[in-house]
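Visitor: I am new to this structure, and I would like to learn how to read its features one at a time.
Guide: Let us look at it together.

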Amino acid sequence: MSSDNTAHPPAGLLPKPVLQKETTAGNYFVSNYPPFSAWKTDGIPLFEAALQRPPTPDTPLGIYLHIPFCRKRCHFCYFRVYTDKDASAIRSYIDAALREMELYSGLPFIGGRKPSFVYFGGGTPSYLSVDQLKHLTSGMQRMLPWDEVEEVTFEAEPGTLTDHKLKAIREMGVTRLSLGVENFDDHVLEINGRAHHSKEIGRAYAYAREIGFPQINIDLIAGMVEETEDNWRECVRRTAELSPDSVTIYQMEVPYNTTIYKQMRADGKLNAPVADWDTKRRWVDYAFNELEKHGYTVASAYTAVRNKEKTRFVYRDRLWAGADLLALGVASFGHIGGVHYQNQHDFDPYIAAMQAGQRPVYRALAPTNDEKLIREFILQLKLGQTRLSYYQQKFGVNPLQRFAEPLQTLQQWGMARVDGDYVRINREGLLQVDRLLQEFFLPEHRNTRYA
Ligand code: SF4
């Protein structure tokens, strides 16, 4: 953070933390707790034991399926994706994912349950052909019917969406179409390795609207390579003009396994060739302000929604409140009966495990009750507010006592306040929330590489 933030804090406030300015390599985004680096193979027996128990009553079940295929690898991408798989490799992958689901659907923890949300993430789920999608979803629904689902989310890359495919996606029951737009400028898209072009965005969006998807989300990234102030403002203007139900904005981070980092290393550079953190926070703030002028409400650190009463994001809200998540596919992260697990993170070991009829789990962790409390508390803080009595009821712990120290720190920085039964984070805090959340981590998890 710039030095003017550390000078002369108002009475009663502490100097704000000195934040890193330049974008260097590493993970910033907090998506789970404890950090993935604490998940180990020796946790797998506890995961297996959880599968043999009945589920906790009233805990919703979700399904996440990772589709690890993309047309091109974006230079900022840190997901497990493949750009070289042909139709027969994709078919074996779909069959392996179905086989994986079958291995779970007969077990006490999963069998007979009806998922309340389904999420197709990637990679690029829309890379699959209509026939592949039909084969996949009809197989999934045969094992765990979707008649009680509240939401089916499907991530799509605009350049892969024909009208025919969009129609099939809608017909298979998708309620929330998430378009990976990222930017509207062809040069910025191209230089960041994106496969789609700007004209494909408007075309896909218009047809998706026409055929009545209940919810369309647009993803943007603040701080792509060669993005400028003018470009960012234009992206926000174009987004508001399309008027999607929700807009999700990420601040560009550069983890170690990205093409951008590999190039930085080859060039001997420590700073990534993208906007610094001050600029990215300012750009997200600008976007939120502009969207608010168009009637949107900021619903989390990353999201603005057009109609707050009607626009829900069931996957996020259930997951952040401790739902069970049956995660399928290569490198997927799930959460079963309070135990975290991750699948094999490479294609061949994943397929081999499935061909041998074994669950393809590679590491797991059974968090303590305190770690579960921290997890829910920090994830729900990303919403900008969280209700204190919820934790008292669920964990039997008063969060004001348990988190007295970090809450005091955030309040003294002027970024949080306790307001009756709520803790609220203000805009300044929300724009850097992932960094603030580390204040709540147990000492052994602080400053760990977040992957
Ligand atoms: S489309 Fe998404 S998953 Fe695929 S390479 Fe780009 S960022 Fe990665």
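Predicted model: local features only at pLDDT ≥ 70, side-chain atom pairs only at ≥ 80, totals over all residues.

The dialogue below moves from the whole chain to single residues.

Visitor: How many helices and strands does the protein chain have?
Guide: Helices (H or I, at least four residues) and strands (E, at least two) are DSSP runs, numbered from the N terminus. In the protein chain there are 17 helices and 15 strands.

Visitor: How does the radius of gyration of the protein chain agree with that of a compact globule?
Guide: The radius of gyration is taken over C-alpha atoms, and the globule rule is 2.2 Å times the number of residues to the power 0.38. For 451 residues a compact globule would have a value near 22 Å, and the protein chain, with 22 Å, agrees with this. Its C-alpha trace spans about 65 × 50 × 50 Å along the principal axes.

Visitor: Into which domains is the protein chain divided?
Guide: Domain bounds come from an automatic or database domain assignment. Here domain 1 takes in 1-28 + 369-451, and domain 2 takes in 36-318; their centres, taken over C-alpha atoms, are separated by 26 Å. Two residues are in contact if their C-beta atoms, placed from the backbone, lie within 7 Å, and in this sense 24 residues of domain 1 are in contact with 23 residues of domain 2.

Visitor: How do strands pair, and which strand pairs with S14?
Guide: Two strands pair if DSSP finds at least two bridges between them. Strand S14 (residues 416-419) pairs with strand S15 (residues 422-425) in the antiparallel sense over four bridges, and Arg 417 stands opposite Arg 424 in S15. The two strands form a hairpin with two residues between them, and Gly 420 in the turn has a positive phi of about 65°. By contrast, strand S5 (residues 215-222) and S6 run parallel, joined by six bridges, with Ser 246 in S6 as the bridge partner of Asn 217.

Visitor: Is Gly 429 buried or exposed?
Guide: A residue is buried if 20 or more other C-beta atoms lie within 10 Å of its own, exposed if 12 or fewer, and partly exposed in between, with C-beta atoms placed from the backbone. Gly 429 lies in helix H16 (residues 427-430) and is buried, because 20 other C-beta atoms lie within 10 Å. Of the 451 residues in the protein chain, buried residues make up 43%, and in strand S6 (residues 246-251) five of the six residues are buried.

Visitor: Which backbone angles deserve a second look?
Guide: Most residues other than glycine have a negative phi, and most peptide bonds are trans. Glu 226, in the loop between S5 and helix H7 (229-242), has a positive phi near 70°, and this residue is partly exposed, with 15 other C-beta atoms within 10 Å. Ala 331, in the loop between strand S9 (324-328) and strand S10 (333-336), has a positive phi of about 65° and counts as buried, with 20 C-beta neighbours inside 10 Å. As for peptide bonds, a cis bond joins Tyr 33 and Pro 34, with omega about -10°, and another cis bond joins Gly 122 and Gly 123, with omega about 15°.

Note on methods. Residues numbered from 1 in each chain as written.
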